[in-house]
Amino acid sequence: MKRLVQGFAAIFIAAFALMFMTQQLNEAEGYGGDKTVSVYNWGDYIDPALIRKFEKETGWKVIYETFDSNEAMMAKIAQGGATFDVAVPSDYAISKMIEENLLLPLDHNKLPNLKYIEPRFLDLSFDPHNRYSVPYFWGTVGIVYNREMLGGKTITDWNDLWDPSLRNQILLVDGAREVMGMALNSLGYSLNDTNKHHLREAKQKLDRLMPNVKAIVGDEIKLLLVNEEAAIGVVWSGDAAEIIAENDKLDYVVPEEGSNLWFDNMVIPKTAKNIEGAHAFINFMLDPKHAAQNAEYVGYSTPNKAALRYLPKDIANDQRFYPDLDSVGRLEVYENLGKRMLAYYNELFLEFKMHQK
Ligand code: SPD
């Protein structure tokens, strides 16, 4: 009996020591702990001065980590090794994370600044009643083009990109849904198409675009276009705004065949350690002055109605980035197409990427 008790005691002590060491390790890496708020966001997607202001006002230290695709973010959160208090997924990814039970319901009482969001950005189909998510930025996908490098030629359609005169002139955003969506739209299909023949057709069409593709890149796409390393970029609208602000030879168009309307929202993952801090951070970002400062810094469009009056007029009235949605052609929000179909989109995109020069 004594040996049995000693055995249990040894197991208990070992388990406790392991728990303690894991916590120390997590805290050393910056994850978890009630003195920190860990935020997982897209690259180049916040004004660092706002992080410092939040830390100063609340006493919580922000541990900030970035990702470059919804797929990478979801894999990391689902795997659970690192835990985050706040993350910023897009529409279809939010729906998928809700389905996979990866998110905590929000306490709206702790988010009084939610009232500043324009109603058309609330209660969207990927998260009815905003039970799990609140708006951060929104936008479209389109084409940035350099008028001078194209000799005055204007671009209006996705299909313009297949013009043989554009050899080695196109940079593509590194996103499976964006690139597959562009090819599907160019063929007259929906960017949520699930017909495998249509998807293969889109992939074959992408292969025919490859001679014109200079590179498929992440956030560096902005610098490359500003520095005129290529004449054309397929980009998110907020990146386009930032690029055009740096080089006025460039313009942005949302192609007439149709494109993507997207929403990035803030959520609290189920594994969050500091739920109080997570709500405080989200509410801080929803404050109109903070939302305006953030929008001006990153270039993306804010869904915060009250923030618009703090933005310079030339930004808030720019129809390219704050369009009246009825006036923009056929825009679709990415749908959660289910695990297998999303994996198929990724597989086709990876096959396409493998044939890069
Ligand atoms: N550099 C910030 C990029 C944010 C882009 N989010 C858009 C996602 C559209 N699905």
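The report that follows covers the ligand, its shell and the cavities.

This is a predicted model, in which local features need pLDDT of at least 70 and side-chain atom pairs count only at pLDDT 80 or more, while totals for chains, interfaces and linings use all residues. Residues are numbered from 1 along each chain as its sequence is written, and side-chain values use heavy atoms, with hydrogens and water left out.

The ligand sits in the largest pocket (on a 1 Å grid over the protein atoms alone, a pocket is an open set of points with protein on both sides within 12 Å along at least five of seven lines; a molecule sits in it if more than half of its atoms lie within 2 Å of its grid points). Around the ligand are W42, G43, D44, Y45, S90, E178, D219, W236, W262, D264, Y300 and Y334, each with a heavy atom within 4 Å of it. Because domain 1 (33–138 + 263–316) and domain 2 (139–261 + 324–354) both give residues to this shell, the ligand lies between them; the bounds come from an automatic or database domain assignment.

| Residue | Distance to a nitrogen atom of the ligand |
|---|---|
| S90 | 3.5 Å |
| E178 | 3.3 Å |
| D264 | 2.7 Å |

Taken alone, the ligand exposes 340 Å², of which the protein buries 99% (Shrake-Rupley method, 1.4 Å probe).

Residues lining the largest cavity include I117, F137, M285 and N304, where a cavity is a set of points at which a 1.4 Å probe fits but cannot get out, and lining residues have an atom within 4 Å of a point.

Note on methods. A polar contact is a pair of N or O atoms within 3.5 Å; within protein, one must be able to donate a hydrogen and the other to accept it, and residues adjacent in sequence count only if both atoms are side-chain atoms.
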